[in-house]
Every structure is written in structure tokens, then in C-alpha cells.
Amino acid sequence: MMSIRPLLGILAIMATTVSCLELSNFRVVAKFPHDTKSFTEGFAVDSDGLFYEGTGIWGKSGLRRYDKNSHNFAKYDMPPTVFGEGVCILGDKVYQLTYQDRQIYVYDKKTLAYESTIKYPDHSFVQGWGVATNGKHLYVSDGSCKIYMLDPTKNFEYVHHFNAHLPADRKQHINSLNELEFVGNELWAIYYGSDCILRLDPENGALIGVVTGPPLFTSPHPSVDVMNGIAWDTSDPTAPKLFITGKNWPAIFHVDVVPTQTVGAINLEQLCPRRAMDDAAQKYWTQLQAEGAAAAISQSSPSSGSYINLAESHTNGAVNTEKLAHSVGQKIDDFLLRRNKQKKL
């Protein structure tokens, strides 16, 4: 059983001294299959124990639902020009963020049918990353230190936001917050690009704990195939379970979180190093973008055959990565410009 105990202390970053911070590790209980082509951007589980997964990449984004053995599969494919992000379940609805489209997709939980899109509230976040709910509000991350609260009963009206920070100093912000999940009364956030989960106070953003690994999966492209899914399963309230997965991972891990030590001083960057892209990872990421952009353009512009051929040849290792990266970026920019012009007409 996972331990979620009241914490007595706080964490310091960059060697600020604190007391009574509890660090924890993962302990794998079981593994379940996960689609290695699923670029996980959001992860949740409902009261029946079914997983809901939001996937990203242009041309490949959508919402998926399945059980722990990948049976009873259902999905919704988002428009090819949309990059899907985090998901959460509230009542009979599933909500999914978008990366740069400033829209929340709303689905019927029972049928997975698309219902509507709702614009992000004004004067709030521009990019959508992670989303979670406490049963009343949505909590949204945008890759920075900020967590935004929205009210779904008032057309997702902006309520307020707070910054993830050190309790001893609110000015010491913690950036790179990605996937979010409520675990008990805590808000958990994946520290983007690392194998760490940050435990936050949902009232004010204060850091109250860190789960540090060890790594659950070692990928050939670890800077891209990062941990990016947390699902807290309370379908059996007497035995809640924690599930973790990541982008293109082959498995979903049922884990316990085991306290390891209480510390008084720590450096977050040393404890949770984030991976920089090497040449191989950059090529792999470019390939993912190329495949997604080709899919997006091919579904929206029949005249893009030459670009599709370029993307396909790259996947066979026949195209220079830098040339393709430039081509991908230019094609996406041109396509989005055309799309935005059409929207204004």
C-alpha cells in the first residue's frame, strides 16, 4: 500500500537548509501493456478502473480509453492540426487540453463522444500541459511554475493561479511542471524531463515532497520518451493504486511509493536531473515531428505528396536531420498560417 503521510517539513532547492523532508522511491508491483506508439501527454483512471490517455503529436493526437490489459479499447482522433495534451475526468465528462490551440476538448465519459471545445480563459495560460481535478476545479500547468485554477461550472472561468515554490521562500519558484494528478489531498506534478514527481500543496503550491525513482523505464531516447503519466486509481477505496507511464513506453507500471529518508538540505537539479537532447534524440524527435506533420498535412492538403515522401524517406534514414527539421518547421508554419487565415474569413 502506498504511503501518503502528513509531512512535517519542506524542501529546499539549491542547498537551502530545511528539516524533515521525506524522499521516496518507486517500487514496482505489476506491469501492464502500453502502446509504444502512444506519445502520452495525459493519464487518468475512472471509478471503474478504466484508463483514459491523452496523446500528442500533430496528426496523431487523441483520447484513448482501455482497461489494464488494453482490452475494451475506444478512441477519439483529434483534428490533425491539433496537438493533444493532459486529460482529467470530472463527473460524466472527460476534459483534454491542447498544446497551442488554446482550447479544452470536452467528451462524454460513457461514450467517448466529442461534445465541444471551450476556449482557454483570457488572461491565463497560453499553452496547455497537464490538468487534474480535485472534484470541483481544474488545475492546469503550462510548463512553467504556474498552476491555474478553472471553474468548469462557469464555462471554465479563471479562478486564480499560484506558483510552485519553496515554502520557506515563495520567490524560489519551481519551473517545468508537466503532467498533474491529485493523489489523496496532494497535487502531484511530473518534473519535466526527469524521473521525479513533485508533491505540492494544492492550496498554495508549496513543495512538500519528492518521489525520485529509480527510473521505471530506460529508453533509447530518454530525453524524448519521458515519464508523462500519473493515474491515481480509487475504484477500490480500500486499496487505492498508483499507475505510471510515459511517452512511447512499453508498459504501465503499478507502483508503491516507499519513503527512503528524511533530509535537511537538498539540490533539486542534482536530485532530479533533466535530460538534454543528444544528436540521436534530436533526430528521433525530428522524425516524430515529421511523421506527425506529414499526417496532418496529408489529411488537410492533398497537394503535400512531396513532403510526405520526404518524411517517409527520413524514417528510413535517407534524409539529413537538419534539412528535414527545417522542412518540418517551415511546412508546419505555412500550414498553420493558412489555417488561421481561413478561420478569419
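Modeller: Before we start, a strand here is a DSSP run of E, at least two residues long, and strands are numbered from the N terminus. Keep in mind that this is a predicted model.

Colleague: How do I read a nonpolar core?

Modeller: In soluble globular proteins, nonpolar side chains tend to be buried together. Here, the largest nonpolar core has 24 residues, and Tyr139, Ile174, Leu187, Leu198 and Leu200 are those with the most contacts inside it.

Colleague: Which strands supply at least two residues of this core?

Modeller: Strands 1 (17-33), 12 (146-151), 16 (177-183), 17 (186-191), 18 (197-200) and 19 (207-211) each do. Another core, of 17 residues, lies apart from it, with Leu216, Ile230, Ala251 and Val257 among them.

Colleague: What about sheets?

Modeller: Strands of a sheet pair through backbone hydrogen bonds, either parallel or antiparallel. In this model, four strands make an open sheet, ordered 10-11-12-13, with antiparallel pairing. Strand 10 (131-133) and strand 13 (157-163) are the edges, each pairing on one side only. On average, neighbouring strands of this sheet are turned by 25° against each other, ignoring direction.

Colleague: How many bridges join strand 10 and strand 11?

Modeller: Three, in the antiparallel sense. For a spot to look at, find alanine 132: it stands opposite tyrosine 139 of strand 11.

Definitions and conventions: Residues numbered from 1 in each chain as written. Predicted model: local features only at pLDDT ≥ 70, side-chain atom pairs only at ≥ 80, totals over all residues. Heavy atoms only, no water. Core = buried A, V, L, I, M, F, W, Y, C linked by side-chain atoms within 4.5 Å. Buried < 20%, exposed > 50% of the residue type's maximum accessible area, 1.4 Å probe, protein only. Pairing = 2+ DSSP bridges. Axes fitted to C-alpha atoms, helices over the stretch in contact; angles between N-to-C directions.
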